[in-house]
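Here's a quick tour of the charged side chains and rings in this one. Have a look at the model, then read on.

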Amino acid sequence: MSEENNTALQQAMQLMLNAGDAKKAAHEAIEAAHDGDLATAKQKLAQAKETLNTAHNTQTKMLTSEAQGKKVELTLLIVHAQDHLMTAITYVDLAGEIIRLYQRLAEDK
């Protein structure tokens, strides 16, 4: 395995790890909001966004490397990692909307 492909596989694993952590924190944020703990919900959502940012930075490194001409074999693992990232981005965005709805419901009581 070439050094470029090894680096790409390590980056793919980092993407999946960070995307999974972001999604988990977002889910915990929704659960906290459901339980009426909006402070924890907002803290968990901030954590999810920070972890998602780390994943996004890894993706940017991968894209920059390819743009600089460092070709990497496209593997199922890399595709899977990108899928995890996109799912996490959507989940974190929706978690933010759900938390805002719970907050609005709490204010209307």
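Two rings of Phe, Tyr or Trp (its six-membered ring) make a pair if their centres lie within 6.5 Å; planes under 30 degrees apart are stacked, over 60 edge-to-face, and the rest tilted. By that rule, there are zero aromatic pairs here.

This is a predicted model, where local features need pLDDT of at least 70, side-chain atom pairs count only at pLDDT 80 or more, and totals for chains, interfaces and linings use all residues. Residues are numbered from 1 along each chain as its sequence is written, and side-chain values use heavy atoms, leaving out hydrogens and water.

On to the charges. Searching the whole structure turns up three salt bridges, meaning a side-chain nitrogen of Lys or Arg within 4 Å of a carboxyl oxygen of Asp or Glu.

| Salt bridge | N to O distance |
|---|---|
| K24 and E28 | 3.0 Å |
| K44 and E28 | 2.9 Å |
| E97 and R100 | 2.5 Å |

K24 and E28 sit four residues apart in helix α1, about one turn; helices are DSSP runs of H or I, at least four residues, numbered from the N terminus. K24 counts as exposed at 51% relative accessibility, while E28 is partly exposed at 23%. (Buried is under 20% relative accessible area, exposed over 50%, partly exposed in between, with a 1.4 Å probe and protein chains only.) K44 lies in helix α2 and E28 in helix α1, so their bridge ties together parts 16 residues apart in sequence.

Conventions:
Helix = DSSP H or I, 4+ residues; strand = E, 2+ residues; numbered from the N terminus.
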